[in-house]
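Open the model in your viewer and keep the selection tool ready. The tour goes stop by stop.

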Amino acid sequence: MYTVKQASLRTGVSVALLRQWERRYGVVHPARTPSGYRLYDDAAIARLRRMRALVDDGWSPSAAAAEVGAIGAAALPTEDHPVHDHLVRRFIDAAAVLDAPRMDAALDEMFERGAFEHVAERYLMPAIRAIGQAWADGSGDIAAEHAASHAILHRLGAAYRAAGRPTRSGRPVLVGLPPGARHELGALAFSVVARRAGMPTLYLGSDLPVQDWIDAVRQSAAVAAVIGVVSTAEVRTAVQVADALAAAHPEVRVAFGGGGVV
C-alpha cells in the first residue's frame, strides 16, 4: 500500500490532481487508515497511470475516467507489466494478422499526435519493444514481426528524409549497427531525432562490417560514431568496431546506444 505522496511519485500525478480525480471522477477509491490517511494499492496505481496516459494523449479527464472505468482490473497496467497504449495495441493486433491497411492507419494516427520525438517515445518505441518481446517469447510469429518492423522502418525512413539537411555545418556523426546486427529501428529513430536537432548525422544502416566503419569515418571525416547495440549478444561485435575505430581513427569519439548497453 502507498501513501498519497508515494502514489503521486509512482504515477507522476500531483497530489492535488490525484485528489481531484478521485473526488470528481471516482477513478480510485483508496482505503483509509484509522487516522483518515489515504492508502493506494497496486490496482489504484495502475488506474491512475492509465488515466494520466490518456490525459497526456489529449483525452478530456471525464472521457479518460470513463475509459479507465471500462477496463477490467486485470487489463490495467502494473509497474512490471505495462499495458500498451490503445494505438500501440491496435498496431500490434493488426500486425498479428498481417493487416497492412490497419497497421498504416494506426501509424497515421500515431504521427498525428505530435512532434516526432513524442511519437517515437510514446508509441513507436513501445510498439517495437512489444513486437520484439512477442517474437522472443513465442506469442508472435516472424511474419508479424517482419511486417510490423517494415511498416515502422518505412515511416522512420520518411522522417529521416523529411528532417532535411542539418542546421549545423561540420563533421558528421555516424550512426549504424555492428556486423551481424539487423534490428535497426532504434538506431534510425535516434538518427531522425539527431537530424531534427540540427546535428550533422549520417545513418549507415545495419550489419556494417568493421572495415566499412573505418572507411566511412575516413571518407566522411566524421567527428563521432554511435554504434547501436540492441541486445547483449551484439556487445562483442560492437566492441570490435569501437576498438578498430580507436586504432584507425583515435580522434573520433565512439558511443554505444540501445537496449544491449550494460
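**Stop one: a loop residue**

Select Ala221, in the loop between α10 and β5 (224-228). Helices here are DSSP runs of H or I with at least four residues, strands are runs of E with at least two, and both are numbered from the N terminus. Phi of Ala221 is near 55°, a positive value in a residue other than glycine. Ala221 has a relative accessible area of 38%, so it is partly exposed. The cut-offs are under 20% for buried, over 50% for exposed and in between for partly exposed, with a 1.4 Å probe and protein chains only.

A word on the source: this is a predicted model, in which local features need pLDDT of at least 70 and side-chain atom pairs pLDDT 80 or more, while totals for chains, interfaces and linings use all residues. Residues are numbered from 1 along each chain as its sequence is written, and side-chain values use heavy atoms, without hydrogens and water.

**Stop two: a helix pair**

Now select helix α10 (residues 210-220) and helix α11 (residues 235-248). They pack at an angle of about 40°, with axes 9 Å apart. That angle makes α10 oblique to α11. Axes are lines fitted to C-alpha atoms, for helices over the stretch in contact, and angles run from 0 to 180 degrees between N-to-C directions. Under 35 degrees counts as roughly parallel, over 145 as roughly antiparallel, 65 to 115 as roughly perpendicular, and the rest as oblique.

Which residues make the contact? On α10, show Val210, Trp213, Ile214 and Val217. On α11, show Val241, Ala244, Leu245 and Ala248. Contact means heavy atoms within 4.5 Å. By class, this contact has eight nonpolar, no polar and no charged residues.

**Stop three: an arginine**

Go to Arg155 in helix α8 (residues 142-162). Buried or exposed? Arg155 has a relative accessible area of 17%, so it is buried. Leave out residues up to four places away in sequence, and Arg155 touches Asp104, Leu107, Asp108 and Phe111.

**Stop four: another positive phi**

Select Leu98, in the loop between α5 (86-96) and α6 (100-111). Its phi is near 55°, a positive value in a residue other than glycine.

**Zoom out**

Show the whole protein, with 11 helices and six strands. Of its 262 residues, 41% count as buried. Among contacts with a separation of 6 or more, 68% come from residues 24 or more positions apart.

Notes: Ala, Val, Leu, Ile, Met, Phe, Trp, Tyr, Cys and Pro count as nonpolar, Asp, Glu, Lys and Arg as charged, and the others, Gly among them, as polar.
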